[in-house]
There are 2 protein chains.
Amino acid sequence: MAGAVANGAGSGGWVPRPTNPMVTPLLTDLYQFTMAYAYWKAGKHLDRAVFDLYFRKNPFGGEFTIFGGLEECIRFIANFKLTEVEIKFLRSAMPTCEDGFFEYLSSIDCSDVEVYAIPEGSVVFPKVPLMRIEGPAAVIQLLETPFLSLVNYASLVTTNAARHRLVAGKSKNLLEFGLRRAQGPDGGISASRYCYMGGFDATSNVAAGRLFGIPIRGTHSHAFVSSFMGLDDIIDRTLASSDGSNKCEDFVSLVQNWLARIKGAGSLSGTFGETNLSELAAFTSYALAFPNSFLALVDTYDVMRSGVPNFCAVALALNDMGYKAAGIRLDSGDLAYLSIETRKFFRAIEEEFGFVGFGKMNITASNDLNEETIDALNKQGHEVDAFGIGTYLVTCYAQAALGCVFKLVEINKQPRIKLSEDVTKVSIPCKKRCYRLYGKEGYPLVDIMTGEDEPAPKVGERLLCRHPFNESKRAYVVPQHVEELLKFYWPGTSSNPREELPSISEIRSRCMAHLDRMRPDHMRRLNPTPYKVSVSAKLYDFIHFLWLNEAPVGELE
Amino acid sequence: MAGAVANGAGSGGWVPRPTNPMVTPLLTDLYQFTMAYAYWKAGKHLDRAVFDLYFRKNPFGGEFTIFGGLEECIRFIANFKLTEVEIKFLRSAMPTCEDGFFEYLSSIDCSDVEVYAIPEGSVVFPKVPLMRIEGPAAVIQLLETPFLSLVNYASLVTTNAARHRLVAGKSKNLLEFGLRRAQGPDGGISASRYCYMGGFDATSNVAAGRLFGIPIRGTHSHAFVSSFMGLDDIIDRTLASSDGSNKCEDFVSLVQNWLARIKGAGSLSGTFGETNLSELAAFTSYALAFPNSFLALVDTYDVMRSGVPNFCAVALALNDMGYKAAGIRLDSGDLAYLSIETRKFFRAIEEEFGFVGFGKMNITASNDLNEETIDALNKQGHEVDAFGIGTYLVTCYAQAALGCVFKLVEINKQPRIKLSEDVTKVSIPCKKRCYRLYGKEGYPLVDIMTGEDEPAPKVGERLLCRHPFNESKRAYVVPQHVEELLKFYWPGTSSNPREELPSISEIRSRCMAHLDRMRPDHMRRLNPTPYKVSVSAKLYDFIHFLWLNEAPVGELE
């Protein structure tokens, strides 16, 4: 079976199938198959084509992007093979096409496709190819839509996660809570994976935890709280102590005693009256189920008058039994104010009852959080330790799509260009090499693309970097370090060693390291400095030669 | 196997698994499992709970929403069963939970769950339950996240598609081209399905065509055009005529002759000079492959100076051989202007060469289209027959998420309410019935929710409809027609007949019929009139009784 051959190709090992079983060769636009037929009819299907996959503009008003989705692309091509059922469907969809074409389709795999790519999790910039894909024209066209579908959202949401990490700071816990609001089930699963890659600490999504080994987190919802009518709902009231040395026969009474003591305490008396008993029952019940990790959602009825005092009563009762409560979650209202008031309450508990550390109890905040609200919270001051972020993160609400494209840059060793009245849409022709040049202070200075046969930039040697389309923008650079960006990920017929696919935590570490390495002004939220992307002088000249050659000359009337 | 029993339950037939194999019981938030454990520990897991699934606000600044995703929810519960592997993972994720709980989890299915829902494809409004789900508290919680994940995006993108249909008008062809920009692979597949449901005519997505029987469309890309160097690339130049009666040995020359004739024609001379030969070769080659359905992308080099004349030369040559070209696609530039100029060119061809109907040649437009740009094109005037819409449609760029929620409204026959400082977030308690009341002119007037045991509104009988939270907003209505909204879709232990799941084209027809039936001022793009959603006087009183009962009383200091 040819697919199996392709999968084992080069020096790398076997590559598993795409995570989502729906990712098959039919997950593509019909025109990829109609073009494949037209190439086949014209005898051009084996023409050796080189395509670049790149994006034109950084998302979210920023000046950087994180590349995600590479592993899924490699899994896709490693297992690329049309089944008989799929071929049968294509025959019915393209009834005028000749039989020979479908025989050809049955035969193809990606064993003669070469993929170079920037490692997943890298900081990347517009116009520089994230992937360079080379192989038979008809086959490469069939990869266009699946690759874009696998890279576009992955890179967008990884970037969004990284931006949330940057604004929240390194010390905060970031939890992805987006499954229910994501764009469909694997929007949710992809979001969990790529948000972790972009710097989140955990997800609520159990399936993603299982698939990718991401830490999972979760406690209870408002419905759990309101499902309790009162303390009578709790039948089994016993709780063994943490070390097993004793047993509390009536944990409910212990909680009630603590609630009375809190109410009576000098610094706390008068801050609340009767707390909600459904809520107290729900918290007590949850603590009986999870005495080691009690974290309560405190805003079902009223945060300061009910949720927080009820939580503290249960936490203090747990403490009597040798357990340490985990904290609270706020899911509505003014999070800055409520977190500060809650912190004061916790500190007062610490003081009143000599409970060392209670003041530092974890406060998690959720409810429609995004980059802007976290930034606003930072400016106002708050006492939140962890942010649970859903909708805005996973749907990339601020900008729901990244415009990655897949453009032909060479065919049969002839460079090709795609023109447009909009200069930002003109493609950069030629099979290229790409380098990142670092300056004296260790920051990346500029990315440069060159023709494939040009010599690589050398450390310490002055080099002219030109804007690809604006003749006046150019600069000399003397790099202190030169990094070739495109690595070899899929071997075609070559036997050269290919890059391993790293684990998700290795990719996450690369991403965090890359973010740390960038000059801060490129990364700031407001008016970030654009990072420079350039071409060599030779490539610049060639682009403009080809452009003039292909563009029709107008006739003024 | 209990799952199999559940699947065959009631009078309905067997229900297939969810379309996406990744939709499993683990596709949920961890807290659903931790809550299930706490319910189980408290002996509350079998408490009979009723949850409503609803949204709070119509998307896209509009005053209506289309409900999508119901069939996938029914497929999910029909096949709900945790596998041993899944249980094993849960054990590792929740190591402090007792064995008995995992035995309980192994045993559950949805055979005692009842689902009432509004039919998929219906026009729906905020606060009215799209689905009412009843069953054991622990099981229903496990359904929350998957149901939201299956309904939120489905409803959002169906609504977006319907809005595009409304602005484009009934006569235009609408093509969904979004796969490459969708939020992940099944974002793309779901988009194709639900856009068709919301009124699109076809998709470019082959997998969606195969899965759902949606018509698929596609021709060629810019890369296909630029992959040709010139006419020498075409080896086999023969073309048999449509009726098989003769054969053209050199179709390329026939095309070149036509190009020369167009250039020489009085009304066309001077509008263009030398056209791009790569493009001419690509068009000719594509026509040789698909002589019956030749549609050319004309903007790779220059629409009016190259693409359109090249297309016309090929179309006229095809006509000589008995074939009718299908049209052109514009993918950049000023689509209003270019479509009008192209139409003029087509009409001039019709005149010059007496080619009846050439002036009506199909013009498809694509390139970052959305509701606003189509509206702007309509206002400017244009000659576009079909719109290909991608990014903005499938990612719901204007509003990337719909905030469906899943709220407990009753447990063990006790009504429950969820309070919030934000009144729009207060839930409407009680197991409810929902009706749509129609007026004299046949338009829906108002939706009303009542307690389960209240008598249904009667035709011709005056009824007070109250805003659920604003005491001053109320109105008497005398309905001319009363429609009960929630139908019986999943039977629990009942043997009552359940609704069949209709085909996608039946759902599409319902959606189109519902859109037609609405009063136009609710549907317009600018300042639409809100449709009224109300509760009965009795339910109003009960909501406010419960609210006062649950809210803590403040103490002013």
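Analyst: A polar contact here is a pair of N or O atoms within 3.5 Å; within protein, one atom must be able to donate a hydrogen and the other to accept it. Between chain A and chain B, 39 residue pairs in polar contact are counted, both residues at pLDDT 80 or more. Keep in mind that this is a predicted model.

User: Which part of chain A supplies the largest share of the side that touches chain B?

Analyst: That is helix 2 of chain A, residues 30–41. Helix 2 gives 10 residues to that side.

User: What makes up that side of chain A by class?

Analyst: It has 55 nonpolar, 37 polar and 22 charged residues. Tyr and Cys go with the nonpolar group, and Gly goes with the polar one.

User: Why is the pair A:D29 and B:R180 called a salt bridge?

Analyst: Set the distance against the cut-off. A side-chain nitrogen of Lys or Arg must lie within 4 Å of a carboxyl oxygen of Asp or Glu. For A:D29 and B:R180, the closest N and O atoms are 2.9 Å apart. That is within 4 Å, so the pair qualifies. The count between chain A and chain B is six salt bridges.

User: How do you know how far the two chains touch?

Analyst: Count the residues in contact. 114 residues of chain A are in contact with 115 residues of chain B. Contact means heavy atoms within 4.5 Å, so each of these residues has a heavy atom within that distance of the other chain.

User: What is the area buried between the chains, and what share comes from carbon and sulfur?

Analyst: The buried area is about 9700 Å². Carbon and sulfur atoms give 61% of that. Three residues, A:M22, A:R180 and A:Q183, supply 9% of the area that chain A buries against chain B, more than any other three.

User: Why is B:H522 called buried?

Analyst: Buried means under 20% relative accessible area. B:H522 has 3%, so B:H522 is buried. This residue lies in helix 17 of chain B, residues 520–523. Beyond residues up to four places away in sequence, B:H522 touches B:E63, B:F64, B:P528, B:T529, B:P530 and B:Y531.

User: What makes B:E86 count as buried?

Analyst: The relative accessible area of B:E86 is 5%. B:E86 sits in helix 4 of chain B, residues 84–93. Setting aside neighbours within four places in sequence, its contacts include A:R210, from chain A, and B:T24. B:E86 and B:T24 are 62 residues apart in sequence, yet their C-alpha atoms are 9.3 Å apart.

User: Why is A:Y435 called buried?

Analyst: A:Y435 has a relative accessible area of 3%. The cut-off is under 20%, so A:Y435 passes. It belongs to strand 16 of chain A, residues 432–438. Among its contacts beyond four places in sequence are A:V446, A:I448, A:P457, A:V482 and A:L485. A:S339 is another matter: 96 residues away along the chain, with its C-alpha atom 47 Å from that of A:Y435.

User: Why is A:K127 called partly exposed?

Analyst: Partly exposed covers the range between buried, under 20%, and exposed, over 50%. A:K127 has 25%, so it falls in between. A:K127 lies in the loop between strand 4 (123–124) and strand 5 (131–136) of chain A. Its phi is near 75°, a positive value in a residue other than glycine.

User: Is B:C430 buried or exposed, and what is its phi?

Analyst: Buried: 10% relative accessibility is under 20%. The phi of B:C430 is positive, about 90°, although B:C430 is not a glycine. Its place is the loop between strand 15 (414–415) and strand 16 (432–438) of chain B.

User: What share of chain A counts as buried?

Analyst: The share is 64% of its 557 residues. Chain A has 18 helices and 22 strands. Among its contacts between residues at least 6 apart in sequence, 74% join residues at least 24 apart.

User: Where does UniProt place the domain "Nicotinate phosphoribosyltransferase N-terminal"?

Analyst: The unreviewed UniProt entry lists residues 26–152 of chain A. This span is 44% helix and 17% strand, and its end C-alpha atoms lie 18 Å apart.

How values were computed:
Residues numbered from 1 in each chain as written. Chains lettered and ligands numbered in written order. Predicted model: local features only at pLDDT ≥ 70, side-chain atom pairs only at ≥ 80, totals over all residues. Heavy atoms only, no water. Buried area = accessible area lost by both parts, 1.4 Å probe. Polar contact = N/O pair within 3.5 Å; in protein donor to acceptor, adjacent residues only side chain to side chain. Helix = DSSP H or I, 4+ residues; strand = E, 2+ residues; numbered from the N terminus. UniProt positions renumbered as here; feature names shortened; annotations may be inferred. Buried < 20%, exposed > 50% of the residue type's maximum accessible area, 1.4 Å probe, protein only.
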